[in-house]
Structure formats: structure tokens, C-alpha cells
Amino acid sequence: MSTAITCTALSFTWPDGTPVLEDLDVTFGPGRTGLIGVNGSGKSTLLKLISGELRPTGGTVRVTGEVGHLPQNVTLDTSLRVDEALGIAAQRAALHAVEAGDVTEAHFETVGDDWDVEERALATLGELGLGKIGLDRTLGEVSGGESVLLRLAALLLDRPDVLLLDEPTNNLDLYARRRLYTAVGNWPGVMVVVSHDRELLELVDQIADLRSGGVTWYGGSYTAYEEALAVEQEAAERMVRVAEADLRKQKRELADTQVKLARRKRYGQKMRDQKREPKIVMDARKRAAQESAGRHRIMHEERLAGAKERLDEAAEAVRDDDEIRVDLPCTAVPPGRTVLTLMDLELAYGARVRGCFELRGPERVALIGRNGAGKTTLLRTVAGELPPVSGEAAAQVPLRFLPQRLDVLDDELSVAENVARSAPDATNNRIRARLARFLFRGARADQKAVTLSGGERFRATLAALMLAEPAPQLLMLDEPTNNLDIAGVRQLTTALESYQGALVVASHDQPFLESVGITRWLLMEEGELKEIAPEAVG
């Protein structure tokens with residue numbers, strides 16, 4: 001039997017009653033499938049249901065073969081050694097004991113047939129660019145991007161039949177992404193990958209678009225999907241125009257019919273008043289006219305209702321992905337004003353900023369560098385979350401920091417309540433009006449943070465930061481596109497276009513950085529911060 005994933009009438013609802021999936025039927029067969037959809041459509045939840053991390057509230061999930069799952073946010077115990085994270089520590093210890101002459105039977109049972117496990121582990125680490133790490137270091141010594149690759153290495157070593165990847169390029173630098181692309185391209189079994197990374201989605205065999213509770217399939221890569229979708233949307237918009245024209249026609253015909261019937265009624269009344277015909281004839285003619293008028297009215301009303309229904313159906317086929325709207329004049333920073341000063345700053349884990357660095361006015365700074373170079377450490381130090389080893393980091397304006405892990409929100413509070421914590425003097429109506437601009441309208445603002453998807457959580461966190469009082473005039477974002485789908489990245493770009501303060505963004509997503517109007521590029525390399533020319537990037 002070929003490996004496959006079959007979901008039948010699959011439903012999932014959070015404990016607070018928030019529905020995510022309802023009666024979903026979908027099957028994933030051999031090959032690489034790119035699972036896409038707007039934030040909140042249930043992509044990550046679906047992967048967790050397939051992997052068994054979540055239990056469905058209705059329906060079934062059936063998988064033939066072993067499943068490996070790389071979640072969106074990888075959290076590993078920092079005290080573990082690398083071989084423990086890879087799941088080979090016991091085999092490795094038994095292997096070393098046998099090599100040292102200990103022939104206890106338990107060692108042979110632990111090793112089984114996997115006598116080359118250590119060589120395979122080192123080879124897998126090497127293929128993912130982690131050869132320098134070794135098997136005896138602890139995870140506390142590796143970066144966020146390296147921990148993602150370590151989790152992937154553990155899955156590759158385990159050789160599952162089904163591999164589920166949820167935003168696997170999160171936190172990965174350009175070099176690490178290339179390694180991941182190779183691993184994905186060489187994968188022989190069933191793979192379902194959720195990603196906003198265009199280059200990764202070009203490697204898949206088909207696209208599954210999860211939208212409005214169902215899945216639509218498109219053959220080929222993401223480019224083929226976009227081309228097919230463009231044709232679909234053009235046809236859908238054409239159908240809307242046809243339906244609108246038909247609706248106008250039916251309204252005109254109904255109005256014309258009503259005018260004709262009114263004239264006929266006035267003529268009949270005139271004949272009755274003048275008594276030109278016998279009463280019995282006029283009564284018969286009146287009844288016939290009323291019946292005819294009733295039939296005409298019903299016919300045209302049914303045609304009008306049908307035209308409205310066809311217009312609604314046509315409109316539903318046209319996609320309308322809302323944009324975040326931000327209007328925060330209080331965030332404006334005058335040109336030339338000093339926003340941030342770093343002076344002879346030495347950071348935890350060894351990185352440093354020599355001399356004096358200043359950020360002035362509404363500058364937009366990109367902070368780039370390899371995984372583990374110290375970018376997150378620098379941002380956390382500026383934000384006051386980490387003390388510097390020496391030197392000074394001083395912000396001269398209100399600042400807010402959006403971390404990679406989006407742990408700013410209180411999971412037990414609603415979106416509106418989380419924003420209220422940052423703006424205690426704002427009225428409930430004001431908070432909800434502003435949240436609507438971040439696409440949390442009505443009941444969506446009452447969702448608990450724990451029920452939000454990665455993209456929704458990002459929007460809620462961004463809202464909490466940007467709607468805080470006092471308004472932030474320095475906004476620092478650490479890998480902000482990690483949890484966003486392609487539409488979400490576009491929404492974030494639109495939001496940042498409206499932001500008038502100073503901006504510092506640490507990201508490996510170069511197309512995104514170029515889209516937000518970066519004015520300075522800073523490279524963290526070999527433990528030091530350097531300013532580089534735009535043409536040197538990439």
C-alpha cells in the first residue's frame with residue numbers, strides 16, 4: 001500500500017468554541033505538496049492533527065507509514081546534547097561501549113542493525129551545514145536557525161514515511177535555506193510543506209490551497225499555481241460583471257412590469273367608473289388582470305432573486321484579501337533627531353559594537369548576518385531584555401520590540417484585552433476601532449491569544465506594539481515574516497509603509513527588506529557590527 005494521508009469529515013474546534021476546520025475531506029499522496037492558505041485558515045492545525053499532536057473534535061485522520069513533523073516554532077531543551085536532540089544518544093553510547101570491548105547483550109540490542117548511526121548523523125549534519133557543531137555540544141550553544149536544522153536532521157535520520165514541514169525556513173539564513181532546499185528536493189516520500197518562502201514552494205509537485213474550509217488542488221509549483229489562479233480570478237471577475245449586468249436588467253424589467261401593471265390597473269378602474277361594459281364582464285377582466293399581474297410580478301421577482309444569487313456566487317469566487325491599515329501620526333520622528341545610541345557595546349555571547357553608532361530620524365535599518373551572529377542578542381539588549389557586558393545602549397524615544405517567538409501576548413487574554421494592557425487609558429471602543437485596522441473585527445477581537453494561528457498571532461502582537469501608549473517611535477522587528485503567508489507579508493509591508501517612526505528589522509528575507517524601503521544595511525559578522533553598501537547585500 002502506498003503511503004498516504006487521508007482526512008475524512010475532519011473538524012477541529014478550540015476549547016473556547018473557536019472553530020478552525022469543519023468537515024474537511026482531503027488526501028495527500030506521494031510527492032511534495034505545498035499547503036497554502038490565508039493566515040487562520042487552519043494549515044498548522046491540520047499538520048498537528050495529522051501528526052497526532054492535536055486530536056480532532058470530529059472526523060478521522062488515517063496515515064499509512066510513520067510521520068515526522070517539524071513545527072513552526074521549534075523549542076528544544078537547551079541542556080540537551082546534540083546527539084540527544086537527534087535521538088541517537090543511547091545507540092551512540094552502546095556503540096562506543098561495544099567498540100571499547102563491552103559485549104553486554106543489551107548494547108547489541110540497543111544498536112540493532114544501525115551500526116553506522118554515528119556516521120549517518122555526522123553526514124546528515126554536514127549536508128545541512130552543521131558539520132562544525134559535532135555531537136557532544138549542548139543546544140544552548142547553537143542559534144535559533146541551527147536548532148531548526150537540528151530538528152530537521154533528527155527527522156531525516158529517523159527516515160519517516162511522511163514528512164510535515166511548517167514554515168521550515170523560519171530563522172534560517174541564506175546558506176541554511178540552500179541546504180534545506182536540497183533536502184526537500186531529495187525527499188523520496190510523502191511531504192506536506194507549509195511555507196511563505198517562494199523559492200521553497202517552487203520545489204513542490206502540487207499546491208493545495210486551503211480556503212473557506214475546503215482544499216483546491218493545482219498541479220505544479222507556486223508559479224504554476226499563480227498563473228492558474230490569475231486565469232481563475234479573471235474569469236471570476238468577468239462572471240461578476242456579467243452577473244451585475246443581469247441584475248441591472250432584471251431590476252429594469254421588474255420596474256417596467258410594475259409601470260405597465262399600474263397603467264393597466266388605472267385603465268380598468270376608468271372603464272369601471274364609466275360603466276362601458278357589463279359588470280360581470282368587467283369583474284372577470286379584473287380577476288384575469290390581477291392573476292396575470294401576480295404571475296408577472298412573481299416571475300420577475302424570481303428572476304431578480306436568481307440574479308442576486310448568481311452575483312453573490314460570482315463575488316464569492318473573487319478573492320479579497322484585506323490589507324492592514326495603520327495611521328499613527330504620533331509615531332513620526334523628525335529627520336536628524338537621534339533615536340538610538342550604541343557606545344562601545346559588548347553583548348552577551350561575544351558580539352560587540354565598536355565606537356559610537358547612532359540611528360537618526362525615521363531611518364529604516366536592515367540588520368543581516370548568518371545564524372548565530374548575534375542579531376537577536378543585539379535587539380534584545382537594545383530592548384532592555386538582556387544587560388550588556390559593557391558599554392551602553394540608549395534609546396531616546398519610546399521603543400517597542402517584536403521578538404521572533406511572539407511571546408508578548410498573554411495566551412489567556414483575548415486580543416482586545418492584550419492590546420488594552422499596552423494602552424490602559426484607551427477606551428474599549430477606541431481599541432476595537434483600531435484593532436479593526438489590523439483585521440480583528442467584531443468577535444475576532446474577543447478570540448483568546450492561545451487560539452490564534454501564527455499569522456494571526458503576529459498581527460495581534462503587532463497591533464499590541466503599535467497601538468501601545470506612548471506610541472513607539474522606534475520599532476524593532478526580529479524575523480517578522482517567519483509566521484506569515486505570502487498575503488500576510490504583503491499586509492505587513494503595507495502596514496510598515498504607513499509607519500512614520502524609525503525601524504530596525506533583522507531578517508533573512510531579502511525581498512521583504514527591499515520592499516519596506518531600507519535606507520541603511522548593517523551586517524553582524526564575526527562578532528562585529530559593520531555598515532555595508534546596498535550593492536554588497538546578497
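**View A. Tyr218, Tyr222 and Tyr225 make up one aromatic cluster.** In this predicted model, a search of the whole structure returns five aromatic pairs. For tyrosine 222 and tyrosine 225, the ring centres are 5.2 Å apart and the planes meet at 45°, so this pair is classed as tilted, since planes under 30 degrees apart would count as stacked and those over 60 as edge-to-face. Tyrosine 222 and tyrosine 225 are three residues apart in helix α9, which spans residues 222-274, and are therefore separated by about one helical turn. Tyrosine 222 is buried, and tyrosine 225 is buried as well.

**View B. The charged end of arginine 459 sits over the ring of phenylalanine 440.** In this contact between a charge and an aromatic ring, the charged end of arginine 459 lies 4.8 Å from the centre of the phenylalanine 440 ring.

**View C. The largest cavity has a volume of about 100 Å³.** It belongs to a set of three cavities of 30 Å³ or more that the structure holds. The lining of the largest cavity comprises 13 residues, of which Leu340, Phe357, Leu378, Val504 and Leu522 are the closest to its centre. Two or more lining residues come from each of the elements β10 (338-346), β11 (352-360), β12 (364-368) and α11 (375-382), and among the contributors to this lining α11 gives the most, with three residues. Sorted by class, the lining of the largest cavity consists of 13 nonpolar residues, with no polar and no charged residues.

View D. Helix α13, which covers residues 428-436, gives the most to the lining of the second largest cavity, with three residues. By class, this lining has five nonpolar and three charged residues but no polar ones, whereas the lining of the largest cavity has no charged residues.

Methods: Residues are numbered from 1 along each chain as its sequence is written. This is a predicted model: local features need pLDDT of at least 70, side-chain atom pairs count only at pLDDT 80 or more; totals for chains, interfaces and linings use all residues. Side-chain values use heavy atoms; hydrogens and water are left out. Rings of Phe, Tyr and Trp (its six-membered ring) pair if their centres lie within 6.5 Å; planes under 30 degrees apart count as stacked, over 60 as edge-to-face and the rest as tilted. Helices (H or I, at least four residues) and strands (E, at least two) are DSSP runs, numbered from the N terminus. Buried means under 20% relative accessible area, exposed over 50%, partly exposed in between (1.4 Å probe, protein chains only). A charge sits over a ring if NZ of Lys or CZ of Arg is within 6 Å of the ring centre and within 35 degrees of the ring normal. On a 1 Å grid over the protein atoms alone, a cavity is a set of points where a 1.4 Å probe fits but cannot get out, and a pocket is an open set with protein on both sides within 12 Å along at least five of seven lines; lining residues have an atom within 4 Å of a point. Grid points are joined across faces, edges and corners, and a volume is the space filled by probe spheres set on the points. Ala, Val, Leu, Ile, Met, Phe, Trp, Tyr, Cys and Pro count as nonpolar, Asp, Glu, Lys and Arg as charged, and the others, Gly among them, as polar.
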